Amino acid sequence: MSIWEKLTKIDRRYIYLMLLLVVMIPIIVPFKLHPKPMPPVENLFNAIDAIPPEKALVISVDYSPDTEPELHPMTYALLRHAFARHKKVGILCISLLGLGLAQDALSTVTNEFNSVATTHADSIINGRDYVFWGWQTMPLVPILGMGENIAKVFPVDYYGNKTDTLPMMKKIKNYNNVALLVSIAGGESPFWYITYAQTSFGVRIGVGSTAVMATDFYPYINSGQVTGMMSGMKGGAEYEELVLTKLGIKGRRKATEAMSSQTAAHLWIMLTIVLGNIGYFALRRRKK
Amino acid sequence: MTHNPWIWVSAILTLGIFSFLYKENPFYRVCEHLFIGISNGYSITFVWHRVLMPTLINPVAHGEKLWLILIAIIGAFYFMYFIPQISWLVRIPIAIVLGYGAGASIPRGIDAAIVQQLRATIITRSTFLSVYNGIWSIVILFGVIATISYFFFSRERKGILKPLSYTGIVFIMIGFGASFGYTVMARVSLLIGRLTFLLRDWLGIIH
């Protein structure tokens, strides 16, 4: 058997084993990378920066633990940005399993801010600075209902408080008071927000998507239906970079930490594709 | 290495799922079935406590929103599927959901996915205020026309249709390539997530 034939017949388990090593070694011994933010990520960052005080940022945590490594860093980064700029934040989930993740991100980030806060005004307080509305049956009930009355869709928040009694909700009634809605999703929920919330109520939509779904959303950036987007772990790392460089917030940056492994894995996969193709074409030429 | 038993459980299950990469085995099967069972159990209890109790059972039990009983009965017709003699009743909730869903979705869907997308391909004088934008708008317009022409099967591919549809294939292939690249990134991200968990939370090798 020639080397070219061997190349095309490598047992896939050896490729998996190599991939495991290629991903694992940079996790243990990472190399420094500074992701360069791309325009869709910068646009999202700028849109959040520009939210006026009387309006809110809404984050829809629409993912489950299976896509946590890709999407959870985005939620952290968005919350850090919003809280650092004292933007009001409303959080909801239309994925059932997103509740625990949203709660985890909220408690981690609020603890980060509150541990260094010196005054009551500096602190991040539930009901004043953010409201965690909880979960509602997807997609039509919450998405269309919030256009009329958010408190009606979520009569009580995640913690059991009556939503309409919370101070932040005195001014945040419906989509008219929402400057930007970011759907961080492992599936197609950003489409629902574009189709129902934006088409009917004109809400600006941001997207945090898994890399698999990213190409589906790019046409919506071009048409202006999506204001900004983070795609996959790389998008999360770019946003983390903006939060670090523009706001100086040094919380744990999980997506950036993973970029060394991402880069190594991509190089390895590119190498296997090139070698496989060389083997294929060399064999074909020999057969001719 | 951690002493937390739940992290041990999680790590062992992760390794069980990874064992499929070597070959199908009973350890993997156990983990897979456990996952499906727990997911279903979680969803059912969650819907009971977070949906049915606060939005249906509690208000009705307090004599409020009694009209919800009618809605609940119609919803319960879904279960009539299991009784052959009256299984036709299942058509009622399906018809309501389909009717409402179609009515709510079709006009908005057409607007969001077709009208707005078509509008984005229209080139006007203002498109060329930025040369960069202008060039890419032409590429997008040409790509849309070429790709659509590839899916035009009502006429034989000859004349202008032939080179246009072949160019459409190039655009489609570039799209597939981009999707593949992103898919690699997605799958590697998940592997990184699990390996980080094993190395940090379970083994304590990294911090």
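Leaving aside neighbours within four places in sequence, Ile59(A) is in contact with Thr75(A), Leu78(A), Val89(A), Ile91(A), Val182(A) and Ile184(A). Two residues count as in contact if their C-beta atoms, placed from the backbone, lie within 7 Å. The model is predicted: local features need pLDDT of at least 70, side-chain atom pairs count only at pLDDT 80 or more, and totals for chains, interfaces and linings use all residues. Residues are numbered from 1 along each chain as its sequence is written, and chains are lettered from A in the order in which they are written.

Ile59(A) belongs to the largest nonpolar core, which has 91 residues. Such a core is a set of buried Ala, Val, Leu, Ile, Met, Phe, Trp, Tyr and Cys residues joined through C-beta atoms within 7 Å. A residue is buried if 20 or more other C-beta atoms lie within 10 Å of its own, exposed if 12 or fewer, and partly exposed in between. Among the residues with the most contacts inside the core are Leu57(A), Ile59(A) and Leu181(A). Helix α4 (residues 68-84) of chain A gives the most to this core, with 8 residues. Domain 1 (1-30 + 253-288) and domain 2 (34-252) of chain A both contribute, so the core lies between them. These domain bounds come from an automatic or database domain assignment.

Chain A has 11 helices and 6 strands. Helices (H or I, at least four residues) and strands (E, at least two) are DSSP runs, numbered from the N terminus. In chain A, 6 strands form an open sheet with parallel pairing, in the order β3-β2-β1-β4-β5-β6. Strands pair if DSSP finds at least two bridges between them. The edge strands, β3 (130-135) and β6 (226-231) of chain A, each pair on one side only. Strand β4 (residues 178-185) and strand β5 (residues 205-209) of chain A pair in the parallel sense over 5 bridges. Ser183(A) stands opposite Val207(A) in β5(A). Buried residues make up 47% of the 288 residues in chain A.

The contact between the chains takes 35 residues from chain B and 37 residues from chain A. On the side of chain B that touches chain A, α2 (26-61), α4 (91-121) and α6 (161-202) of chain B each give two or more residues. The largest share of that side, 17 residues, comes from α6(B). Its residues divide into 21 nonpolar, 10 polar and 4 charged. Here Ala, Val, Leu, Ile, Met, Phe, Trp, Tyr, Cys and Pro count as nonpolar, Asp, Glu, Lys and Arg as charged, and the others, Gly among them, as polar.
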